[in-house]
Amino acid sequence: MISYIRGPLAEKFEDSVVVEAGNVGYRIFVPISVLERLPAAGTEVKLYTHFQVSETGMSLFGFLDRTDLELFRLLIGVNGVGPRSALGILSAMAPDALRIAVVSGDAKALTKAPGVGTKTAQRILLDLKDKIRAEDLLTADAPSLEAAEGIPAGFGEAAKEAAEALTALGYSAGEAQSAVKKAAAEGMTAEEILKASLKYLAIF
């Protein structure tokens, strides 16, 4: 119903912000990661929003990136995970960290979020495993040549691509190289190597 809201940032609260648009102040609930990235009050912002109607009223949830909004919508599509719970998860862990947890099957990482027990974490992994894939993480927006160059030539381009993706996700070049060397095998695709490497990193 409301795709996004753009206007001056009027106020910040612990769990939400007020953005003025068309002489109306819209209160939008956001995760901590969004609060930390927002500019000072008075600066124009644009938040992609999800409009939620429930028995207790209507609420707006906002994100700086459309991909993070879609991740939020995937979470609330899981049985037993409501908008506030999803917001809590995305406040406890960055969106990419959540994607990594799903791809690597790391339920323990999910239980660090408030109100998420082992059963809920397992349900999230089960519901999202086919919706968030390792290949979605192979964007390597900021590829690390250091990580790629540390992979022996015999490992092939797939291993180098996986190593670059790991550093783009926040792992050091050394961690990426070590994980890929342990996980890669002949004939594996970059997606398969990345997924196996993430599982190795989740253990350690």
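Within helix 4 of this predicted model, aspartate 96 and arginine 99 sit three residues apart, about one turn of the helix. Their side chains meet in a salt bridge, with an N to O distance of 3.0 Å.

The link to aspartate 68 is a salt bridge with arginine 99, at 3.4 Å from N to O. Here the partners come from two helices: aspartate 68 belongs to helix 2 and arginine 99 to helix 4 (residues 95-104), so this pair ties together parts that lie 31 residues apart in sequence. Aspartate 68 is buried, because its relative accessible area of 11% falls under the 20% cut-off.

A further contact pairs the side chains of arginine 37 and aspartate 65, again as a salt bridge, with 3.5 Å between N and O. Arginine 37 lies in helix 1 (residues 32-37), while aspartate 65 is found in the loop between strand 5 (57-63) and helix 2 (66-76); the pair therefore ties together parts 28 residues apart in sequence. Aspartate 65 counts as partly exposed, with a relative accessibility of 29%.

Taken over the model, the count comes to five salt bridges, among them the pairs Arg37 with Asp65, Asp68 with Arg99 and Asp96 with Arg99.

Notes:
Residues are numbered from 1 along each chain as its sequence is written. This is a predicted model: local features need pLDDT of at least 70, side-chain atom pairs count only at pLDDT 80 or more; totals for chains, interfaces and linings use all residues. Side-chain values use heavy atoms; hydrogens and water are left out. A salt bridge is a side-chain nitrogen of Lys or Arg within 4 Å of a carboxyl oxygen of Asp or Glu. Helices (H or I, at least four residues) and strands (E, at least two) are DSSP runs, numbered from the N terminus. Buried means under 20% relative accessible area, exposed over 50%, partly exposed in between (1.4 Å probe, protein chains only).
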